[in-house]
Every structure is written in structure tokens, then in C-alpha cells.
Amino acid sequence: MPQVRDIAMDVGTSHVLIYMRGRGLILREPAVVAVDRDTNRIRAVGSDAYRLLGRTPANVQAVRPLRQGLINDFELTRQMLLELVGHALNGRSFFNRPRCVMSVPTGVSETEQRSLISVMFDAGMRRTQLLSRPVAAALGVGMEIDKSYGAMVVDMGAGASDIAVLSGNEVVVGSCVPVGGDYFDDAIIRYLRKKHNLLIGERTAEEIKISIGSAMNPTGHVAMDVTGRNLISGLPKTVNISASEIYEALKDPVADLIDAIQGVIERTAPQLASDIFEDGIVLTGGAASLNGLPEAIYQVLEIPVGVADNPDSCVVLGCARALEDTPEMRDLLGDGRKHWFR
Ligand SMILES: Nc1ncnc2c1ncn2[C@@H]1O[C@H](COP(=O)(O)OP(=O)(O)OP(=O)(O)O)[C@@H](O)[C@H]1O
Ligand SMILES: [Mg+2]
């Protein structure tokens, strides 16, 4: 029986989102944990820990327990999930434990998947079922994926991009590549170090990407002041950086993404590929918001590309749809394994 308090969850490498039946999206927190290295105790989780990223006192370290689509530190991931789910349930204990449909990074191993399910049991869930990222993303967009028709979705998060061709509720061809928002940030860091001898942190790189980053050569002159550390003098320095420079920095990483998408299309059966040429590619995930990305993909592949509305919530909303107790969704979740990439 479906319960009012059942939850859907997207455990991302940069954000954790929780949706509760009857209440909607109730939590969106950075996937960051601040640890006291002297005592190994958790000092803060989520946005409180994110504020400490890159500027922590010596003994406190703010870390992201998931990176590049993988679990880096299982114990910290466990503690983060217990804390965030506890926060979402808000101390309520349920007569009937709620059920959970959850999506985790595609690189998480089967052993880790089982361990995460038991973490969710400890967090108060009765039963936790896993849904693969691209299936969840497509459901969240409202795509019809149960037909024997080809549909393509690219879910671009911070750590990775899941590129998938879906048909008959399954991933028929898929690939998960470590090309996401972090990869773009790293390219900006490298570029500024090389071109301006300027050392910046990952938060600054992300701010630059969101403010003036683009996958297409910018037309007008847009620029911003960036403060970092001069690598030669070792002193703080502010440099005016233009959008065209950031475009230069992002050109290769964007090309890597397009190559990966092309690789998946090349492995797709002709009939399904022609469905995709007709209907286009849907981009989801936070990194899909990079300016000019649909145009850049279209320029190379000549396939229509669109970004979903609220791209960073698609996966959690897809898991929420899968919570509905219909025969279709029961079939979709199955034993939770057949939708994983082979
Ligand atoms: N407007 C924007 N332009 C470019 N990038 C953006 C924008 N907004 C968010 N991002 C990027 O999106 C990424 C976060 O996306 P999201 O929250 O979907 O990731 P995630 O689901 O936690 O990660 P993953 O799916 O890889 O596990 C970050 O790298 C962030 O910099
Ligand atoms: Mg994601």
C-alpha cells in the first residue's frame, strides 16, 4: 500500500534532493560534510558544511563524500544520508515505515548499492528500491519511455553525465562519463593558472562558469573580475576575465561531452537512432544549464537538443513518479537491477 509519507531521493555528487509524497520537494542540500580531523566527528552537513568548503579552520575539513560519480568515502556518505533523511523526516516516527525510491550515481558498485539500502533502513525506511539515473531523469521530464520507441536523455550532474538511449522502459545503449560540472570547473582552474598564473578555488571556478561560462563563442563583450592568488608573487590578485576566455577553457571539455554522446548514438540500432534524430535529445541535471550547450551539441551532431524545465530536479521527480503504486511502475522497478547499465 502506498503511504502518504513515502519518499523519493536523488543522491548526487553535489546535491541530495528529497521528495515526500503529499508534500513535494522538501530538501535540497549540498552533498558536503564537514569533519573534525582531531576527533573524526561530523561538525556540519549540507549547506552549513558547504559554507566551510575551501575555507575551513585547520582541524575542520569540508569534503564531498561522492566524487566523479563514485562514492569516495562510504562512512561519510552514510552519516550524511542519515543526517539529511533524519532532517527531512523531521523527527517524525511513523507507525508504518515509509518506502523509498532512490537514484544513486551510476558508478556505485552493487555491494555499495546494497550497503546504501541498509543505510536507508537505518534511516527509517521500510523498503528502498533503486532506479537508474537516466530512467529516473526521463520519467521526471515526463517522457514516455515504455514504448518501443527510442528516446535519448543526457543527465549532466556535477560528477558525471549519464548518456542513455531508452526504449521499452530500459536503457538500451548507455554510457556514464566523468564529464560534468566539476570537469568544466577544473578546466577553468587549469586555464587561469596557465594563462594568468592565477590560482583559484573550485567555488570561484563554479561561480565564473555560472556567470559567464558558455559552450558557444560569446558575441558581445562580457567579463568579470576574478580574485585568486598570483602563483609568482604568492599574493592575492584580481584579474578581469572575459567570457571568450572562459569559452576557450570550456571548448575541449564540451567537445569531450559531445564525443561521448556521438559514441552512444553510433552504438544505437538504426531504427532507434532515427527516432532520436526526429525527437531530439533532452538534457537534464544542473550542468545542462551551461549557456549555449544545446546549440553547441546541435552544431556538431545536427540533432535537436532541449534542456528540461528545472533540470536539477528531474531525477528526484522521476523517482517520485516511480513511487506511484501502479502496475507500470512496479514493473519498472522490478528487482531494481535490470535497468542498470550492463
Ligand atoms: N547555470 C549553470 N550553468 C552551468 N552549470 C551549472 C549551472 N547551475 C548549476 N550548474 C552545475 O551543475 C552541477 C550540479 O548539478 P546537479 O545538482 O544536478 O549535480 P548532482 O546531481 O549532485 O551530480 P551527479 O548527478 O553528477 O551526481 C554543478 O557542477 C554546477 O556547477
Ligand atoms: Mg544528478
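Helices (H or I, at least four residues) and strands (E, at least two) are DSSP runs, numbered from the N terminus. The model is predicted, so that local features need pLDDT of at least 70 and side-chain atom pairs count only at pLDDT 80 or more, whereas totals for chains, interfaces and linings use all residues. Residues are numbered from 1 along each chain as its sequence is written, while chains are lettered from A and ligands numbered from 1 in the order in which they are written.

**Exercise 1.** Describe how H2 and H3 pack, and list the residues that meet.

Step 1. Two packed helices are described by the angle between their axes and the distance between the axes. For H2 (residues 74-89) and H3 (residues 110-122) the angle is about 35 degrees and the axes are 9 Å apart; the axes are lines fitted to C-alpha atoms, for helices over the stretch in contact, and angles run from 0 to 180 degrees between N-to-C directions.

Step 2. On the H2 side, Phe-74, Arg-78, Leu-81 and Leu-82 meet Glu-112, Ser-115, Val-119 and Asp-122 of H3, a contact being a pair of C-beta atoms, placed from the backbone, within 7 Å.

Step 3. Sorted by class, this contact has 4 nonpolar, 1 polar and 3 charged residues; Ala, Val, Leu, Ile, Met, Phe, Trp, Tyr, Cys and Pro count as nonpolar, Asp, Glu, Lys and Arg as charged, and the others, Gly among them, as polar.

**Exercise 2.** Find which members of the largest nonpolar core touch the most other members.

Step 1. A nonpolar core is a set of buried Ala, Val, Leu, Ile, Met, Phe, Trp, Tyr and Cys residues joined through C-beta atoms within 7 Å.

Step 2. Among the 108 residues of the largest such core, Met-9, Ile-18, Ala-138 and Cys-319 touch the most other members, and helix H7 (residues 243-266) contributes the largest share, 9 residues.

Step 3. Not counting residues up to four places away in sequence, Cys-319 touches Ala-8, Met-9, Asp-10, Val-101, Met-102, Ser-103, Leu-131 and Ala-136.

**Exercise 3.** Characterise the shell of residues around ligand 1.

Step 1. The shell holds 23 residues, of which Gly-12, Gly-157, Gly-181, Gly-286 and Ser-289 come nearest; a residue is near if its C-beta atom, placed from the backbone, lies within 6 Å.

Step 2. Helices H5 (181-196) and H6 (202-212) each supply at least two residues, and H6 gives the most, with 3.

Step 3. The shell divides into 6 nonpolar, 13 polar and 4 charged residues.

Notes
A residue is buried if 20 or more other C-beta atoms lie within 10 Å of its own, exposed if 12 or fewer, and partly exposed in between; C-beta atoms are placed from the backbone. Two residues are in contact if their C-beta atoms, placed from the backbone, lie within 7 Å.
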